[in-house]
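Please open the structure in your viewer and have the selection tool ready. The tour goes from stop to stop, saying what to select and what is there.

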Amino acid sequence: MAAASASLLPALPAWAQQLGSVKIVAPAGPGGGYDQLARAVQEVLMSEKLVTSVQVQNVPGAGGTIGLAQVINSKERDPSLMVAGFGLVGAPVINKSPVTLEQVTPIARLQGEYQPLFVAAESPIKSVTDLVNRFKQDPGSVTWGGFAHGSPDHVLCGLVVKASGGDVKKMNYIPVGTGGEMLPLVMNGKITVATGGLNEVAGQFKAGKLRPIGISSPERLPGIDIPTFREQGVDATLVNWRGLMASPNASAEDKQALEAAVAKLVQSPSWKKLLQEREWVDLYMPSAPFGDFIKEEQARITAILKELGLG
């Protein structure tokens, strides 16, 4: 294996030269998570001189499936990337789209965030155990808040209920817009418990207006004093991940060139600085394990969406 790896090294500069111009499709409008990652990758690819030019194209609509379909059906032969994430696992199911993430080529998982469940500071619910016990006793007494039906927020609430032996069909999930709309409803007790990105609500935790009762990471996050769900006996984990895919008709050479460029990108000081500035969790995973991860996510998330009545 070492000899094979060494034999590939001289080819890397040639691959890099093939990546003169790269297009990145962000399957959403400007400003969202997919767009932010696309432009961050654009910035680092250029600053590290891994390509000569990068164009970002926004293709919003239907939870990302319009952009996904465009990439799958494209006849372009130029090296191109598409930002994908957790939402694009479930969106084809919810939108009954004929395309899925398994039709594109995994390049790398890059970053993401784990999600806390949180309640109002004065809530009698102090832990995930308290929450699931209350739900089991009286499902109607618990309202769950988060983003749209089928979003990572909705899926997370379903996974917590399922892992604790509750009936997901009895969940009273209330889809609310942005954190700015949802947080006051939790603080005022109009929503019992809610979830969202940790960065979105960390300030309210510090201010003592909201209280986290658990987080969806497999282990405790460094410097974050929030117990995991697993610590509390609820075996539910979720990461709202994002990464890069290539078109299904990408040549073997283009795929190798893209993988090599992204492997250099994630090691660069520019990328590490950007992760720190944006408080993104580094979740880098190269092509092969990333492909396996997507298959597992596809099965797990499709199953919970069906139980939630969305499949």
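How much space lies in the second largest pocket? About 480 Å³ lies in that pocket of what is a predicted model.

**Stop 1: the second largest pocket**

Select Leu-198, Asn-199, Leu-221, Pro-222 and Ile-224; of the 19 residues that line the second largest pocket, these lie nearest its centre. Next, colour strand E4, helix H9 and helix H11 (269–278), each of which supplies at least two residues of this lining. Which of the elements gives the most to the lining? H9 does, with 5 residues. By class, the lining has 12 nonpolar, 3 polar and 4 charged residues.

**Stop 2: the largest pocket**

Now move to the largest pocket, which holds about 1,100 Å³ of space. Several elements each supply at least two lining residues, including helix H3 (33–47), helix H7 (152–163), helix H8 (179–187) and strand E10 (239–246). Strand E4 (105–114) and helix H9 (198–206) also belong to this group, and both supply residues to the lining of the second largest pocket as well. Helix H5 gives the most to the lining of the largest pocket, with 5 residues. Sorted by class, this lining consists of 16 nonpolar, 24 polar and 5 charged residues.

**Stop 3: Ser-287**

Select Ser-287, which is found in helix H12 (residues 287–307). Is Ser-287 buried or exposed? Its relative accessibility is 13%, so Ser-287 counts as buried, the cut-off for buried being under 20%. Show the side chain of Ser-287: one of its polar atoms lies 2.9 Å from the backbone oxygen of Pro-106. Leaving aside neighbours within four places in sequence, Ser-287 is in contact with Pro-106, Ile-107, Lys-255 and Glu-259.

**Stop 4: aromatic rings**

A search of the whole structure finds 5 aromatic pairs. Begin with Phe-118 and Phe-205: their ring centres are 5.9 Å apart and their planes stand at 65 degrees, so this pair is edge-to-face. The two residues come from distant parts of the chain, with Phe-118 in strand E5 (residues 116–120) and Phe-205 in helix H9, 87 residues apart. Phe-118 and Phe-205 are both buried.

Then select Phe-135 and Trp-144. Why is this pair edge-to-face? The ring planes of Phe-135 and Trp-144 are at 75 degrees, with the centres 5.8 Å apart, and planes over 60 degrees apart count as edge-to-face. Phe-135 and Trp-144 are both buried. To end this stop, select Trp-241, Phe-290 and Phe-293, which form one aromatic cluster.

**Stop 5: Ala-194**

Last, select Ala-194 in strand E8 (residues 193–195). Ala-194 has a relative accessible area of 0% and is buried. Which residues does Ala-194 touch, not counting those up to four places away in sequence? They are Pro-116, Leu-117, Phe-118, Gly-145, Met-182 and Val-186. Phe-118 in this list is the residue that pairs with Phe-205 at the previous stop. For a distance check, pick the C-alpha atoms of Ala-194 and Pro-286: 32 Å separates them, and the two residues are 92 residues apart along the chain.

Technical notes:
Residues are numbered from 1 along each chain as its sequence is written. This is a predicted model: local features need pLDDT of at least 70, side-chain atom pairs count only at pLDDT 80 or more; totals for chains, interfaces and linings use all residues. Side-chain values use heavy atoms; hydrogens and water are left out. On a 1 Å grid over the protein atoms alone, a cavity is a set of points where a 1.4 Å probe fits but cannot get out, and a pocket is an open set with protein on both sides within 12 Å along at least five of seven lines; lining residues have an atom within 4 Å of a point. Grid points are joined across faces, edges and corners, and a volume is the space filled by probe spheres set on the points. Helices (H or I, at least four residues) and strands (E, at least two) are DSSP runs, numbered from the N terminus. Ala, Val, Leu, Ile, Met, Phe, Trp, Tyr, Cys and Pro count as nonpolar, Asp, Glu, Lys and Arg as charged, and the others, Gly among them, as polar. Buried means under 20% relative accessible area, exposed over 50%, partly exposed in between (1.4 Å probe, protein chains only). A polar contact is a pair of N or O atoms within 3.5 Å; within protein, one must be able to donate a hydrogen and the other to accept it, and residues adjacent in sequence count only if both atoms are side-chain atoms. Contact means heavy atoms within 4.5 Å. Rings of Phe, Tyr and Trp (its six-membered ring) pair if their centres lie within 6.5 Å; planes under 30 degrees apart count as stacked, over 60 as edge-to-face and the rest as tilted.
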